Amino acid sequence: MAEGTANIGVVGLAAMGSNLARNLAHHGNTVALYNRHYERTEKLMAEHGDEGSFVPSRTVEEFVASLARPRTAIILVKAGAPTDAVIGELADAMEPGDIIVDGGNSYFKDTIRREKEIRARGLHYVGCGVSGGEEGALNGPSLMPGGTDESWRTLGPILKSIAAVAEGEPCVTHIGKDGAGHFVKMVHNGIEYADMQLIAESYDLMRRGLGMEPGEIADVFAQWNTTELNSYLIEITAEVLRQKDEKTGKPLVDVIVDHAGMKGTGTWTVQTALSLATPVTGIAEAVFARGLSSQTAQREGAAKQDLKGPEGALHVAAGDRDAFLEDIRQALYASKIVAYAQGFDEINAGAREYGWDIDQAAVARIWRGGCIIRAQFLNVVSDAFESGEADVSMLFAPYFKEAIARAQDSWRRVVSLAATYGVPVPAFSSSLAYYDGLRSPRLPAALIQGQRDFFGAHTYGRIDAPGAFHTLWAESGRPEIKA
Ligand code: NBP
C-alpha cells in the first residue's frame with residue numbers, strides 16, 4: 001500500500017462500487033479500494049486491476065492512509081445500518097477537513113442527521129444521489145451531490161470527470177447543503193415510478209383494450225420514441241416487448257408474473273410529499289398501482305368473487321385505431337408533463353422546508369443523461385425553469401401549457417373510454433383530475449370547510465372578508481344522530 005497516493009477512495013465493492021471505482025480509474029483518478037470482505041477487492045483487482053490506477057487495502061485504517069489529503073471516500077454499501085457502520089469506521093480513521101461521500105440510496109433525513117454528526121467532528125459529509133444503475137456507475141451516471149460548498153470544491157472536478165455527458169455538459173451539479181442531493185434523487189425515483197406507470201397504462205390500453213400483440217406494441221413505442229416522448233424508458237419498453245421467452249417462444253412479457261416490486265424510494269417520495277402537503281398524484285398512483293399488483297390475496301380473491309364490470313376491450317372501430325393510438329400518445333405526454341410538474345413542486349417544497357437553494361433548471365439538465373428518466377423532454381423542462389416561466393408551476397410555461405392544450409381532447413377521450421370499458425388508468429386519470437382541479441376557479445373545498453365547521457367548529461374563511469368565521473349551523477339544533 002502506498003501512503004497518501006490515491007486522490008479518491010471507494011468503500012463497498014459490490015455491483016455499484018466496483019463499477020464506480022473502475023469509472024473513476026478510467027478517468028485518470030488513483031482509486032483507493034476497500035470492502036468489508038477482501039474477496040470482493042481481490043476480484044476487482046483480478047478482473048479489472050489493469051484498467052487504471054488502484055490502491056487496494058485490507059483494513060479501513062490502511063485505506064484511509066492510502067488517500068491524499070483532503071481524504072475523500074465514496075461509500076457504496078447497503079443503505080441503512082451498513083452505511084452508518086461504515087461512516088463510523090471512516091470517521092474514526094479520518095481527520096478534520098476530510099470528506100465522506102455516501103453514494104447509496106439513503107433516505108434524505110438520514111443524510112441530514114449524518115451530516116450534522118459528521119460536521120460536529122470537523123469532517124465534511126456529502127449525501128450524493130447516484131442514478132443510472134450499474135451501467136451508469138461504469139459508463140457515466142447522473143450525480144446529485146449535497147453537502148458543503150467546500151466539499152464540492154474538492155469533489156466537483158472528480159465527479160465531473162465520471163458523470164454522464166448530455167449536450168456537452170457533465171450530468172452533475174451541487175444540489176445544495178446536507179440532504180438536498182438525496183432528496184432530489186428520491187424525487188427522481190418517484191418521477192421514474194410515474195413514467196413507468198404511464199407507459200404501462202399505455203401498453204395495457206393497447207394490449208387488453210385494443211387486443212394488439214406485444215410485437216405490434218413494440219413498433220408503436222419505437223415510433224413514439226421518434227417524437228417528443230423520446231426517452232430511455234420508451235426505448236427500452238420497445239425492446240422489452242420484442243423479447244421472446246426462450247422456453248415457450250411466447251413474448252417474454254406474457255410469462256412474467258404481474259407483481260411489480262419496489263425498494264422504497266417511490267414510497268419515500270409520496271410520504272414526504274404528504275408531509276409537505278404537496279400533491280404528487282401521478283407518482284402516488286404509480287406507487288399504489290405497484291402495491292395493488294402485489295396484493296395477491298385480494299387479487300386472487302377478486303378473481304373468484306366475479307366482481308362485475310366490463311372486461312377491458314375498448315370498442316374502437318378498426319378504422320379509428322390509429323387515431324386512438326395517437327390519443328394514447330397524447331394522453332401519455334400530458335400525464336407525463338403533470339407528473340414532472342408535481343415532482344418539481346415537491347423539490348420546491350422540500351427546498352423551502354429544509355432551507356436549500358435548489359436550481360431546478362440545473363436539476364433538469366443533469367437528468368438529461370446517465371439516469372433512468374433521461375429524455376429529450378428534459379431540455380424543454382430546463383429551459384422553462386431557466387427562463388423563470390415555471391417558477392410557480394411547470395404547467396404555466398407556455399411550451400407545456402400549449403402541449404397540454406393540444407393533448408387534452410385526446411387525454412379526456414382515453415380516460416373516459418378506459419373508464420367506460422374497464423381498463424384501469426390510475427396515473428392517466430389522476431393526472432387529468434389534478435389538471436382540472438388546478439384550473440378550477442372554485443373547488444368543492446368550500447363545502448368541506450362547511451362540514452368541518454359544522455362538526456368540529458374548525459372555522460372557515462369568507463370570500464368577502466378577512467378572518468376566521470364560525471357558524472351555529474342548525475338553528476333548530478344539531479341534527480340528532482341515531483345509533
Ligand atoms: P448492495 O446494496 O448489495 O450492498 C453490498 C455491499 O454492502 C457490499 O460491499 C457489502 O460488503 C457491503 N456491506 C453490507 Br451489505 N453490510 C456492511 C457492513 N455492515 N459493513 C461494511 N460493508 C457492508 O450493493 P450495490 O447494489 O452495489 O449498491 C450499493 C449502494 O448503491 C446501495 O445503497 C444501493 O441502494 C445504491 N444504488 C444501487 C443502484 C443499483 O442499481 N444497484 C443504483 C443506485 C444506487 P460485503 O461484500 O463485505 O458483504
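Predicted model: local features only at pLDDT ≥ 70, side-chain atom pairs only at ≥ 80, totals over all residues.
Let's start with helix H8, which covers residues 180-209. A handy way to talk about it is through its packing partners: two packed helices are described by the angle between their axes and the distance between the axes.

Take helix H9 (residues 214-224), which packs on H8 at an angle of about 135°, with the axes 10 Å apart. Angles over 145 degrees would count as roughly antiparallel, so H8 and H9 are oblique to each other. The crossing of H8 past H9 is right-handed. On the H8 side, the touching residues are Ile 199, Ser 202, Tyr 203, Met 206 and Arg 207, and H9 answers with Pro 214, Ile 217, Val 220, Phe 221 and Trp 224. Sorted by class, that contact between H8 and H9 holds eight nonpolar residues, one polar and one charged.

Now look at helix H10 (residues 232-242). Here the angle with H8 is about 45° and the axes are 11 Å apart. The range for roughly perpendicular is 65 to 115 degrees and roughly parallel means under 35, so H8 and H10 also come out as oblique to each other. H8 passes H10 in a right-handed crossing. From H8 the contact uses Glu 192, Asp 195, Met 196, Ile 199 and Tyr 203, while H10 brings Leu 233, Ile 234, Thr 237 and Leu 241. In the contact of H8 with H10, six residues are nonpolar, one is polar and two are charged.

The next partner of H8 is helix H13. The two pack at an angle of about 70°, with their axes 8 Å apart, and are therefore roughly perpendicular to each other. H8 puts in Gly 190, Ile 191, Tyr 193, Ala 194, Met 196 and Gln 197, and these meet Gly 282, Ile 283, Ala 286, Val 287, Ala 289 and Arg 290 of H13. The tally for H8 with H13 is eight nonpolar, three polar and one charged.

H13 deserves a look of its own.

Finally, a tour of the loops. Arg 36 sits between strand E2 (30-34) and helix H2 (38-48), and is exposed at 69% relative accessible area. Between helix H3 (60-65) and strand E4 (72-75) you'll find Pro 70, joined to Arg 69 by a cis peptide bond with omega of about -10°.

Two other loop residues have a positive phi without being glycine. Glu 167, with phi of about 50°, lies between strand E8 (165-166) and strand E9 (169-170), and is exposed at 61%. Ala 457, with phi near 50°, lies between helix H20 (445-456) and strand E10 (460-462). Its relative accessibility is 45%, so Ala 457 counts as partly exposed.

Conventions. Residues numbered from 1 in each chain as written. Heavy atoms only, no water. Axes fitted to C-alpha atoms, helices over the stretch in contact; angles between N-to-C directions. Helix = DSSP H or I, 4+ residues; strand = E, 2+ residues; numbered from the N terminus. Left-handed = near helix turned anticlockwise from the far one by under 90°. Contact = heavy atoms within 4.5 Å. Nonpolar A, V, L, I, M, F, W, Y, C, P; charged D, E, K, R; others polar. Buried < 20%, exposed > 50% of the residue type's maximum accessible area, 1.4 Å probe, protein only.
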